[in-house]
Structure formats: structure tokens, C-alpha cells
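Hi everyone, thanks for coming. Have a look at the structure with me, and I'll talk you through a few parts of it.

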Amino acid sequence: MRGLSKSFGQVRAVSDLSFTVEPGSVTGFLGPNGAGKTTTLRMVLGLMRPDAGTATFDGAPYTALAAPLRTVGAVLETAFHPARSGRNHLRVYCRAAGLPLSRADDVLVQVGLADAGSRRAGGYSLGMRQRLALATALLGDPAVLVLDEPANGLDPEGIQWLRGFLRHLAHDQGRTILVSSHLLSEVEQTVDRVVIVGAGRLVREGSMEQLRSGADGAGTVLVRTPEVTRFAELLRAQGVGVTTEDGTLTVAGSTPAEVGRRAFAAGIELHELRSHTSGLEEIYFQLTSGSEQFAAPSPVAQEAIR
Amino acid sequence: MIRLVRAEWTKLFTTRVWLGLLLGACLMVAGFSALLTGFAGSSQNGQPGLPPVGDPRFEQMAFAVSTNASVLFLILGIIGMTQEYRHRTATPTFLTEPRRWRVVVAKLIAYALVAIPFALLVLAVNVLVVSVYAGARGAAPSLSGDNLEVLATSGLALVIYAVIGVGIGALLRNQVGAIVGGLVYLFVVEPVIRSIPATSGAYKWMPGGGLEAMTATFQGPDLLGAWEGGLLLVGYGLLAALLGTLLAVRRDVV
């Protein structure tokens, strides 16, 4: 697989969206709920018909691929018959794609489900279901993986495992991965590039470095010190935005290193110094704010109305 | 295509739906065969009821009992198709074969072929019960001539109903809706049309009329000939399959 490019125009949930996924990299497909991520991926995979535009894998639309399962692996939702065992579920698709049945056992081992393979899939936990879906995507040993919210419903341990697994698939095995998520922090450590969408439109496309460079100094820093008033006045005098609350300072538009340097220079004792929100997250919120499909007022605002 | 057909068989035989339906069909046919044979030759209020054991009319009625299982073969086909939508496996299925018409055609072939041994088993149960019971009551029917023809057409009808089921499933996609709709049609709509004089003329053109024509049991209204009835039934199966395929290809998979 050398290149993957897709473009759409004027589709209900997705309007005129164009972007390219570079081969051999992990691309995060980010956006709030309802931004059109799943719709986009379903059109890319030929399950939905776009009103306009095309999506191609190395020049060919998905529906024209000679061996789709060997070319592209996809996790769209955890879909299986509850009474069928995980292994038999995989065997169905081995048969349909002309793969040897032993592939079912191979991928079960790969995702760590070897012991649960003969159990009914209906009895699987949410994390095991996500693993089974991932196993289905890996059956044909594809060079391209398309994953829709693979971390949904995973516990912290499962997310940790998924991160490591995706890094392994991409960096050690050289696969091209497009992974969607509504949380930047979920994929922040895994992806090389990001495509951010809001309300079905492209908001930002670029490498993580580009996003990070714009993010420096955009975060907020939390500081606890016995000399709250003095430090706050000092920072305000230096032109830094500060709010105080119960002996805690919240410094906007800075980094922990920057705040620590200023405190050290003034000889102020610090008890806690940590990043409250990373600049990356701030930027992500700014980029996607107001583009939620069903924006709910914050609880505070609701209280105020009452 | 052979790969897709084999995948459908794997799907079918890795859950237990087929076993339940097949056992149900065998029990149903065994029960009806026994009842029919038991009441053969009895008279109701002085009027002659069923023809007696040994009468060729009885024998052909007894060997057409298998067609009662047509409803279960219909359900087999409906479940085979609609489970993909019910359990959302349509997504991985159509990802594996994006040319969706091939999936529907594979299902039609897979279920038609699976229905053959299933139908043979149901026929065997039918023949066994009737032969043993009627034999005990005096005359076991012979497996020749018209009797054999009735058996063959009954089996064929069962296979066609499984194919119609796949087509209906592709049309309606909702499993419960398709099954309930199928049952209401078979047990309410068709009998009503058949019994009302104004509409009974149309009955011979309906699937049930075709089925009855194939296995003519001497009690129906105006019907087509056996072969015409069979062709009509095959036509309905292909029509349902064609419409189902066209819709499956056009509709978005959500």
C-alpha cells in the first residue's frame, strides 16, 4: 500500500471533506461526537454511498479491491452473533475471504484472546469484544487498518494495551493506520499525524509536531504555594494571566517549566506544580468548540438559568 | 462464490438455530402424519371424512403432509438473511465482499443446498410414520407412481420456501418483522383470500396456491397444474431474491 487518499463533497454529515493518509504512519482522525467520523469511515469502506466525492485506497475504491480483507482491515463496531464462539466468528470470514482457517487462531493469539476463542462471543466483556473486532480486522494481514473508536468501552488497562498494540502494528510492522477518536489524549501518544474534523468539515490536518508547536504555551498550569498572594501579584506584574482560589494558583498560557523558573527567580516556595490541561488539549477544544452536533449547556450554566 | 457459500454454511452450523428448526420440522411432520393416519377412514356425523387407509387419495394426502413444514423452511431462510442485520454482522460480511449481490446470491445457493438434505430428512420422517402406522392399520402405501411424485414435489416445495425466506429477509431486514409478516401472510392472509369467493380466483396465482397445486390434495379450489404451480413458486422465490438483492446493494449498511 503506497498511498491512500479520499475526498468527499456535500454529504449530509460530512461536507466536502478531503484528506490524505500517508503510508506507514498512524493518523488520528479526531473530532467531537457527531462530527461525521463514523459516516466518513463507512463511506471510505463502501458501506455507505457518498452523495458526492470518492475515497480510494492506492487509487482504487474499496468496492473495487480484488482482495479487500487482505488490503484493508477495519474495526467499525463490535459486530458478532452472540451464540457463535469467537473462533468460529473469525473462521466465517476466513472462509469468505479464502484465507486458511488457521488465521483465526493466529489473530486470537495476537490480540490475547487465545484462551477465550471457544467461548460464546455473547459472553465476552466489552474489552474482549473490542479485541475480537481487532482480530477480525487483522485476519487478512492487511497493510492498512481503519479503526473507528477502538478504545471505546476499554478500561485504562485496555487502553494502555491498545496504545502499545497500535504502536507495534505501525512502527514495528510498518502498517498504515487510521484511527478515529473523540479524545485527543487517547491517541496523543500513538499518532504521527492528525486530521481534526468538526461538524463534518476539516478543521486541521498536519503532523503532531505541527500541532504541538502551536500548542506550546497554550496550556494552563496549577500551582500551590504558601505565598499565594505574593506570587500572583508577581506574575500579574509580569503580564501573565492568573486566577487564585483556596491557596491555589491557576496560570494560563504557560508551561510548568516557565512558571517554576519565575518562582525560583523570586525565591518563592512551591508545594505543587503541574500541568492542568496540556496545550494540545486546549488547542483541540478551541478547534472543535461550537461544532458539536448536540451541544449541551454546561451544568454551571444550567444552574444559572434556574 | 464457492468461498462465500461455504462461509454461509459455517455461519449456519456454528449456531444452533438450524438444529431447532430441523427438529421442529421433523416433530411437526411426524405429528401431522400420525394424526392424518389415525383419523383416516373415520366419518364425521355420518358424513365421510378422510378417505380410508389403502385409498390412493389417502396415500397422496399423507405424503403431502411434509409441506406443513414449509413455514419452518421459510423461517430458516429469513433468519439466515436477517441475522446479519440483527447482530450487525452485515458490516464485516460486506467488508469481506463489498460486491453485495454476491453475498445475497451465495446465501440463496447455500440455503437452497442446505434445504435439500433437510427436506429429505423431513420426507423420511413422513414416510416412516405413515408407512408404519398405516401398515399397522392394514395397508402401507407403496413408494411408487403418484405417491412418489407427491413426495418429490413436497420436498421441492420445502427447498423453494427456504429460498423465498432468504429473499424476504433481504427485503425486510428486520428479523422479527419478517418472521411475523411471513406467518401472518401464510396463516391469515392466504386462507382468507382462499375462502372468500370474490377473491378465491386470485388464490391460484399466490405462493400458497402454487404450493397446493404442486401437491394437489383433491380438496382445493380452482388451481394450476402441478408443474405450473411449481414454476409459480420458483418464480416467487426468484422475485423475492431479486428484489432483496437489488435493495441490499443499494441501501446503506448502518
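Domain bounds here come from an automatic or database domain assignment. For chain A that assignment gives domain 1 (4–214) and domain 2 (220–277). Their centres, taken over C-alpha atoms, are 42 Å apart.

Quick housekeeping. This is a predicted model, where local features need pLDDT of at least 70, side-chain atom pairs count only at pLDDT 80 or more, and totals for chains, interfaces and linings use all residues. Residues are numbered from 1 along each chain as its sequence is written, with chains lettered from A and ligands numbered from 1 in the order in which they are written.

Chain A has 12 helices and 13 strands; those are DSSP runs, numbered from the N terminus, with helices being H or I of at least four residues and strands E of at least two.

So, what order do the strands of the open sheet take? Six of them run β5-β6-β7-β3-β8-β9 in chain A, with mixed pairing (two strands pair if DSSP finds at least two bridges between them). At the edges, β5 (72–75) and β9 (201–207) of chain A each have a single partner strand, so one side of each has no neighbour in the sheet.

Further in, β3 (residues 26–30) and β7 (residues 176–181) of chain A pair in the parallel sense over five bridges. A:Phe29, for one, sits opposite A:Ser180 in β7(A).

Last stop, the partner chain: 27 residues of chain A are in contact with 23 residues of chain B, contact meaning C-beta atoms, placed from the backbone, within 7 Å. On chain A's side, α3(A) gives the most, with seven residues.

How values were computed:
Two residues are in contact if their C-beta atoms, placed from the backbone, lie within 7 Å.
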